[in-house]
Amino acid sequence: MELKNSNYDVTDLTSLEKLEPVRIRPGMYIGSTGTKGLHHCIWEIIDNSIDEITNGFGDKISIILNEDKSITISDNGRGIPTGIHPVKKKSGVEMVFTELHTGGKFDNKNYKTSGGLHGVGAAVVNALSKWLEVEIHQNGNIYRQRFEYALDKQLKKNMPGTPVSKLQIIGNTKENGTKVTFKPDDEIFSTVEFKFDIIDSRLQELAFQNKGVRLELIDRRKDEEVKKEYYSENGLLDFIHYLNESKTVIHDTPIMFDGERTVNNIQMEGEVCIQFTDSSTEYIASYVNNIPTTEAGTHETGFKTGMTRAFKEWAKKLNLIKEKDKEFEGNDLREGITAILRIKITNPIFEGQTKTKLGNNEAYTMMNDLVYTKFSEWIEDNKPLATVLINNALESAKRRDKIKKINEAEKKKVGIGTSPLAGKVAVCTLKDKTVNEFIVVEGDSAGGSAKQARDRRFQTIMPSKGKIMNTEKQKLENVLASEELKIFNTAIGTGTLENYKQEDMKYDKIIIMSDADVDGYHIRTLWMTYIYRYMRPLIANGHLYLAQPPLYKVYKVNKGGETIKYAYSDDELEAAKKKIGKGALIQRYKGLGEMNPDQLWETTLNPSTRTLMQVTIEDAAKAEKMISLLMGDIVEPRKNYMYKYGEFN
C-alpha cells in the first residue's frame, strides 16, 4: 500500500489525552475485548482489595452482580486516600481513577507485595466503563465520586472516565473500606455479560490462597438471588485436595514447604504444595502475589530445575539408577504430579499488563534453591515414598523412549506413502495454514453431509466414529496406538507432548462439531481432554473451537416460500418466534444428521453466519479440575455436571 503523504513532521503527531489511549488500544491493557478482557476488569479491582488484605488490612471482599449489568466490588481495607495531593491539587481517589500509573505500590512503604503493581488497573477499568462510582469509608466519613464517558469541559469533547461530580461526603460511618461499582461499555466489549462460573472459580482460588479471608459472590440478575461464600481454613492443603478430588493419589499427605530468600536485594517468599496421582500427565498451578501465572515464568522453571536436581542426586545416593538404565528427566519425574506454587515478591516483573507470565530472574534463583534444599530434606526423611517416585520416573523414561521409537516409525510410514489419512479425511485444496480449518464431525452421517456442505478450498472434514478413547488414564503407548488419534495427529502435524511443534501446524482452526445432546457433549469433552493433555499449546495459542449447531429451526410457510430463523438457545427461540409471528412452526434438531448440506453450511460451517466458541485456558485450575471430574473414575459428579451445564433439553 502506498502512503500519499511522504512528508512527516510535528503536525503529523497525535496526542491522546488522559485515558484516551486505553479506549483506543484496550487490548494492550486487558488482553482482549471479549469475555477474557471483560472479566479482567473485575480482577484488576479485586487485586487491589486482595493487596490490602495481604498486607494486613481487612479480611472480607464482596462481589455483587447487579440487574443493570453493572458489578459492585467492596472490601474492608483502609480505603483509597481521600486527601488532596499537594502537587496535583486533586483527591487521591480522582488520581487513582483518572490517571495511569498512579498508586501506592511503586515503593514498598505501603505494600510489601502486591499484584496490582502497574498503577493502571482502576483507571483502565474506569476508561472502559459507561460509568463508574466509587465509595470510600474512611476517617468516619462516607465519600462518593462518579465518573462517566462524558463531556470534558476543559477539552470540550467526550472523554472516558470524566469526573461528573466532586468527591463528596454523603454520610458518616464507623467502618473502613472501598466500594467500586462500574458498568462496562458495550461499545468497547463484544459482550458485557459477566459469567458467574468464571468469577466463582477465581474467588475459590483466592480463598485457597488467602486462608482466613472471607469472600462472597452475590448474583441479583435473576428473580431469585444467588449467594455463595468462600473460605479456607487450611489454604493450599484445601486447594490440592480440591484439585485431586476426582483422582487417585499415590500418597495421602501432600508434600508442603515454604521459605524466604533475598536475591539482588529483592525479598521473596515461596510456598509449595505437591501431591502425586496415578494420572499420566502433570499439572502445575502457579501464582505470584495472588495473580495466576497461567503462562508460567521463571518461578515455575526454578521449581522444576530444583526438584529434578534433588531427586537425581538422591537417586544416585540410594543406588536406584543402574548403569544400563536410561536416566530420567524432569518430565518423567513430574508425571502425575499436582503442584501449587505461590510466591510473594516485592518487585515482580510481569510480561504484559495482563500479568500471566513472570520474568524475574531472581524468582528462578530463589525457587531453584528453595525447592532443591527442601526436597533434599524431605527425601532424607521419606526415603520409601521417594524411592517409589524415582522408580516411577525411571519407568516413565523407558516409556518415553518407547514412544519416541513409535513416533519415528509412524513418520517413516507417512514418508513412504502409507499415511493413515488416505480415504478417511476429506482434505482441503488450499495449502494456506493461516486460513485452513480442520473440522472433526461426530458420526459418519453428519460427516457425509459436512463433506458436501463444506467449502472445499479451506475446510478439511474428519468424520469421528462415535467416541474416542478416554485418554485421562490411558498409558501413553495406548493413546498413540489409537487409529483415530493417529489420523488426527497426522492431519494436524504438530506432534504431541514434548515433541509438539507449533510451526508444523497445518491449520488455523481446529473445530469440534458434535450434536447438542449428552452424547455429543461427551464426545466433545473427550476430544478436548485429549488435546488438553497432549497438545495443550494448541489451546493456549487460540486454535481450538467448538461449533455451535442450532437447537431449533423456526419457520413459516408463505406464498413466496419459507421464512426461516435458527435458534441456538431457548432465549433465541423465543426471540425467533416473535420475529416470525403468528403461525410459527418449530423443529427441534436432535442431531447434526437431521440437517441437509445446505442447512449445515448456513448454520454451522459458513464463517459469515456460524457461531464458534473458542476454547481457552482462562483458568487452568478450573480446566484441570473439570477434565479430571468429567474423565475420572467417579461417575456421579460427572453425570451431575453434564446435566447442569450441558444446556440440553
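A nonpolar core is a set of buried Ala, Val, Leu, Ile, Met, Phe, Trp, Tyr and Cys residues joined through side-chain atoms within 4.5 Å. Buried means under 20% relative accessible area, exposed over 50%, and partly exposed in between, with a 1.4 Å probe and protein chains only. This is a predicted model: local features need pLDDT of at least 70, side-chain atom pairs count only at pLDDT 80 or more, and totals for chains, interfaces and linings use all residues. Residues are numbered from 1 along each chain as its sequence is written, and side-chain values use heavy atoms, with hydrogens and water left out.

**Overview**

- The protein has 20 helices and 22 strands. Helices (H or I, at least four residues) and strands (E, at least two) are DSSP runs, numbered from the N terminus.
- Of the 649 residues, 52% count as buried.
- Contact means heavy atoms within 4.5 Å. Among contacts with a separation of 6 or more, 69% come from residues 24 or more positions apart.

**Nonpolar cores**

- The largest nonpolar core has 48 residues, and F97 and F182 touch the most other members.
- Helix α3 (residues 35–54) gives this core its largest share, eight residues.
- A second, separate core holds 43 residues, including F208, I468, L485 and V615.
- Neighbours within four places in sequence aside, F97 is in contact with L19, I80, A122, A123, N126, L132, V134, F147 and V180.
- In soluble globular proteins, nonpolar side chains tend to be buried together.

**The five-stranded sheet**

- Five strands form an open sheet in the order β10-β11-β14-β12-β13, with mixed pairing.
- β10 (255–263) and β13 stand at the edges with a single partner strand each, so one side of each has no neighbour in the sheet.
- Two strands pair if DSSP finds at least two bridges between them.
- Strand β11 (residues 266–276) pairs with β14 in the antiparallel sense over nine bridges. E271 has R342 of β14 as its bridge partner.
- β12 pairs with strand β14 (residues 337–345) in the parallel sense over six bridges. Here Y283 has T338 of β14 as its bridge partner.
- β12 also pairs with strand β13 (residues 291–292), in the antiparallel sense over two bridges.
- Two residues lie between the strands in the hairpin of β12 and β13, where N289 takes a positive phi near 50°.

- Six of the six residues of β12 (residues 283–288) are buried, so the strand is largely enclosed by the rest of the structure.
- Y283, A285 and Y287 point one way, while I284, S286 and V288 point the other way.
- In a regular strand the side chains alternate between the two faces of the sheet.

**Strand β18 and its partners**

- Strand β18 (residues 544–547) is covered on both faces. L544 and L546 are buried on one side, and Y545 and A547 are buried on the other.
- Strand β17 (residues 509–513) runs parallel to β18, joined by three bridges. I511 has Y545 of β18 as its bridge partner.
- Strand β22 (residues 612–614) runs antiparallel to β18, also joined by three bridges. A547 has L612 of β22 as its bridge partner.

**A buried loop residue: N360**

- N360 is found in the loop between β14 and α10 (361–381). With a relative accessible area of 1%, N360 is buried.
- A polar contact is a pair of N or O atoms within 3.5 Å; within protein, one must be able to donate a hydrogen and the other to accept it, and residues adjacent in sequence count only if both atoms are side-chain atoms.
- A polar atom of the N360 side chain lies 2.9 Å from the backbone oxygen of N347. A polar atom of that N360 side chain lies 2.5 Å from the backbone nitrogen of I349.
- Neighbours within four places in sequence aside, N360 is in contact with I266, T298, I345, N347, P348 and I349.

**Helix α7**

- L236, F239, I240 and L243 are buried in helix α7 (residues 236–243).
- These residues cover an arc of only 90° around the axis, which puts them on the same side of α7. The arc is that of the directions from the helix axis to the C-beta atoms.

**Cysteines**

- The structure holds zero disulfides, a disulfide being a pair of cysteine sulfur atoms within 2.5 Å.
- C41 counts as buried at 3% relative accessibility, and C428 counts as buried at 5%.
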